[in-house]
Each structure stands twice: as C-alpha cells, then as structure tokens.
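Have the model open in a viewer. The walk below starts with helix packing and ends with the nonpolar cores.

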Amino acid sequence: MDQGVVAVTARSAPGRLLAVLAAFDHTHPALSLTDISRRAGLTLTTAHRLVSALTEWGALERDPSGVYHVGLRLWEVAALAPRGLALRQVALPFLEDLYEATHENVQLAVRDGSEVVYTEWLSGRSAVGVHIRVGARWPLHVTGVGLALLAHSDFALQEEYCAGALASYTAHTITDQARLRRVLAEVRRAGVAVSSRQVTDDALSVAAPVRGPGGAVAAAVSVVVPHADAQVPVLAPAVRLAARGISRALGWQPDGRPG
C-alpha cells in the first residue's frame, strides 16, 4: 500500500520528527537518507539533522551501506503499549490452544481508527497464505477481525465508516454500504464474524470479539483457513472459546463483575 509521500503534517518540529518515523512502513523497512527526505516531505538538510538525532537516541539504526532501519529503542517503547505486547502476552496461551485445535493461521488484532492492526499471528506450516504480519494494517470491512471490531464499536463510528468509500481487493470484497450494515448486524447477532475471500480469493476467516474488564471490545481473535475447506460451524465455537478465554484473562466477567 505505497502511498508515495507520507501524509504527516511536518510544519512543527514534532511534526517533522514524526514524519521521519512515518516514512518507514512494511513496504519500506529500509530507507536511504534521500528516501526519508522524499517520503517525509522534508529538505535533505532537515532530514539529515533529524535522522542523526533519532539515530543517536536509538530510534533509527544505520547499517554499513548507509541505509537506515527502525531501531530497537522504538521496539522497547512500543512494548509498553497496553494493546500491544501486554495484550499479546495475555492472549498467547489461548492463541496457541486455538492453533493446536485447527493448525491454521491464528491472529489477534486491535482497532486503530478505521483500520485493524495485527498484534500477533501464528502461522500454520501448510496453512493458506495470508497477507498479514504483526503490525500490518487493513481496512476494517475486509477482514474477520476487522468486522468483529467494527460491529462492536461505537454506533456513530460504524455509521461514519459505512458511509465512506469501501476499498475493494477482490470480486468478493464488501463494497456496498447497505450490505456492510447487514453484515455487522449479523456479526452482533451470531457473536462471530465471517470474512470470505475479501482479501484473497482463497481464504476465509472466522473471528470473535475480545472484551476488556468493563465489557467493551478491546481486540478480536480469528482463524484463517482455505475457503474451499472452510467449515464455519466447526470453527466458530473454537474461535469463540479462545476469545472468551482471553476476555476472562483480561478481567471480563459475563455477569459484569470485575475479575
């Protein structure tokens, strides 16, 4: 999803600094100083000054060829995010159980605005190929975890999302606003979301919401299987069980009492 130049306002000093960091993404994990300057919308002199400061602090690292990568210092800071590593540590035993039950791709994700962000992914050796990695982002309506998160988000956010343009990746991607509303209603009724061939023509995902201590949906868990072999009635209970286990580990109780 290369958008060319990073869309970050860079007029202020903090904005310019963030523009440098935002120049890196999954399709651009390694950049030269010239690339950073171009993608951040900064002059080469300004980019050099900011990159030097970030490298000294450890946010960026420079390899022997002169190319820059994201540094470990950023990983250390990111690990403190409650919806990142902390959530992953709580969820991992249940994700592993779900993987052992299915031997298919298992995923954990959270919502960030109008996108789903993947925080964990367990891949089956012979499982269907997916365009997912930890930290990857996709529009909410095209994935199982995204549908589960969107269906349980604030109603105003749902309406705003449904009223917007819906990106398409295959002939099966939901692009009709009325259909998306119906799908979200079915997700709330069934307790699981099913996304069939929306990102690739060969994959189907079944997802369920994960609730935090107060009952609000904090994340979603899913299993991704080949569409041709998908048995949703068999997969749905296993995914629900994993989501319920993670929810309880986070402190959620069905009767509303804190854990």
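**Helix packing and cores**

Helix α1, residues 13–22, approaches α3: the two axes come within 10 Å and cross at roughly 75°. Angles of 65 to 115 degrees count as roughly perpendicular, so α1 is roughly perpendicular to α3. This is a predicted model. On the α1 side, the contact is made by R16, L17, V20 and L21. Their partners in α3 are T46, R49, L50, V51 and L54. Sorted by class, the contact of α1 with α3 has 6 nonpolar residues, 1 polar residue and 2 charged residues.

Now turn to α2. Helix α2 covers residues 33–40, and α3 covers residues 44–57. Their axes come within 9 Å and cross at roughly 110°. That angle makes α2 roughly perpendicular to α3. What is the handedness of the crossing of α2 and α3? The crossing is right-handed. From α2, the residues L33, T34, I36 and S37 take part. They meet L44, A47, H48 and V51 in α3. The contact of α2 with α3 has 5 nonpolar and 3 polar residues, and no charged residues.

Step back to the chain. It has 9 helices and 9 strands. How many of its residues count as buried? Of the 259 residues, 44% do. Now take the contacts with a separation of 6 or more: 52% of them join residues 24 or more positions apart.

Next, the interior. In soluble globular proteins, nonpolar side chains tend to be buried together. Here the largest nonpolar core has 26 residues. Which of them touch the most other members? They are L95, L108, V206, V221, V239 and I246. Helices α5 (85–102) and α9 (232–250) each supply at least two residues. So do the strands β4 (105–112), β5 (115–122), β8 (203–211) and β9 (217–226).

Pick I246 and look around it. Set aside its neighbours within four places in sequence. I246 is then in contact with V90, A91, F94, L95, L108, V210 and V221. Of these, L95, L108 and V221 are also among the residues that touch the most other core members.

Conventions. Residues numbered from 1 in each chain as written. Predicted model: local features only at pLDDT ≥ 70, side-chain atom pairs only at ≥ 80, totals over all residues. Heavy atoms only, no water. Axes fitted to C-alpha atoms, helices over the stretch in contact; angles between N-to-C directions. Helix = DSSP H or I, 4+ residues; strand = E, 2+ residues; numbered from the N terminus. Parallel < 35°, antiparallel > 145°, perpendicular 65-115°, else oblique. Left-handed = near helix turned anticlockwise from the far one by under 90°. Contact = heavy atoms within 4.5 Å. Nonpolar A, V, L, I, M, F, W, Y, C, P; charged D, E, K, R; others polar. Core = buried A, V, L, I, M, F, W, Y, C linked by side-chain atoms within 4.5 Å. Buried < 20%, exposed > 50% of the residue type's maximum accessible area, 1.4 Å probe, protein only.
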